[in-house]
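Keep the viewer open as you read.

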Amino acid sequence: MIGHSKYAGEVRVSYHRDSNFKDIGSVINPQHASDKLRNILDLEFGSVEYREVAFVIFLNKANRIIGWSTLSIGEIGGCIMSVYEIARQALMTNATGVIVAHNHPSGNLSPSNPDIETTKKIKEGLKTLDINLLDHVIVTREGYYSFAEEGRL
């Protein structure tokens with residue numbers, strides 16, 4: 001029958017490359033990642049200072065960006081980073097590494113206690129799937145904070 005699967009609960013996944021999506025290359029270091037994230041925020045939302053937005057960048061073994069996704073759009077003081085959603089999308093893109101990131105509209109670069117706890121949860125969750133959390137970057141207009149650079153991963 002058309003439109004019905006012989007397997008109950010079958011999931012189909014397809015990948016469509018957006019022709020408007022520019023190849024944003026490889027991630028070399030946290031500064032490079034923060035620059036790319038600022039560009040994404042500016043292109044998608046007009047500013048890093050409007051509201052808090054969480055992203056995940058998917059990378060292959062050569063740290064080449066194979067995709068990115070908006071995880072959540074919050075308010076001025078917070079957004080959600082779901083370990084489940086990060087892992088699901090990483091598996092769908094065949095990523096071997098991810099960088100999670102979010103902005104702080106306040107301009108404060110210091111990670112909050114929830115930022116620190118969420119980073120630990122994401123790292124442990126991805127580790128069981130052999131996916132590396134390469135960094136968690138907090139971005140503001142003036143700069144960035146890298147968990148990897150600060151030795152907090």
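## Nonpolar cores

The largest nonpolar core of this predicted model has 15 residues, and those with the most contacts inside it are Val-56, Ile-86, Val-98, Val-100, Ile-122 and Leu-126. A nonpolar core here is a set of buried Ala, Val, Leu, Ile, Met, Phe, Trp, Tyr and Cys residues joined through side-chain atoms within 4.5 Å; buried means under 20% relative accessible area, exposed over 50%, and partly exposed in between (1.4 Å probe, protein chains only). Two or more residues come from each of β1, α2, β3 and α3. Helices (H or I, at least four residues) and strands (E, at least two) are DSSP runs, numbered from the N terminus.

Apart from this core lies another, of twelve residues, including Leu-37, Val-53, Phe-55 and Val-137.

## The sheet

Five strands make an open sheet of mixed pairing, in the order β2-β1-β3-β4-β5; two strands pair if DSSP finds at least two bridges between them. At the edges stand β2 and β5 (144–146), each with a single partner strand, so one side of each has no neighbour in the sheet.

Further in, β1 and β3 run antiparallel and are joined by six bridges. Val-56 stands opposite Val-100 in β3.

## Helices on the sheet

Helix α2 lies across β1, β2 and β3, at about 30 degrees to β1. Axes are lines fitted to C-alpha atoms, for helices over the stretch in contact, and angles run from 0 to 180 degrees between N-to-C directions. α3 also packs on the sheet, where it touches β3 and β4 (132–139), and its direction makes about 160 degrees with that of β4.

Within α2 (residues 83–92), Glu-85, Ile-86, Ala-87, Gln-89 and Ala-90 are buried. Their cover includes β1, β2, β3 (97–103) and α3 (113–127), with contact meaning heavy atoms within 4.5 Å. Just after α2, Asn-94 takes a positive phi of about 60 degrees.

## Aromatic pairs

There are two aromatic pairs. Phe-55 and Trp-68 have ring centres 5.6 Å apart and planes at 55 degrees, so this pair is tilted. Rings of Phe, Tyr and Trp (its six-membered ring) pair if their centres lie within 6.5 Å; planes under 30 degrees apart count as stacked, over 60 as edge-to-face and the rest as tilted. Phe-55 is buried at 2%, whereas Trp-68 is partly exposed at 21%.

## Reading notes

Residues are numbered from 1 along each chain as its sequence is written, and side-chain values use heavy atoms, leaving out hydrogens and water. In this predicted model, local features need pLDDT of at least 70 and side-chain atom pairs count only at pLDDT 80 or more, while totals for chains, interfaces and linings use all residues.
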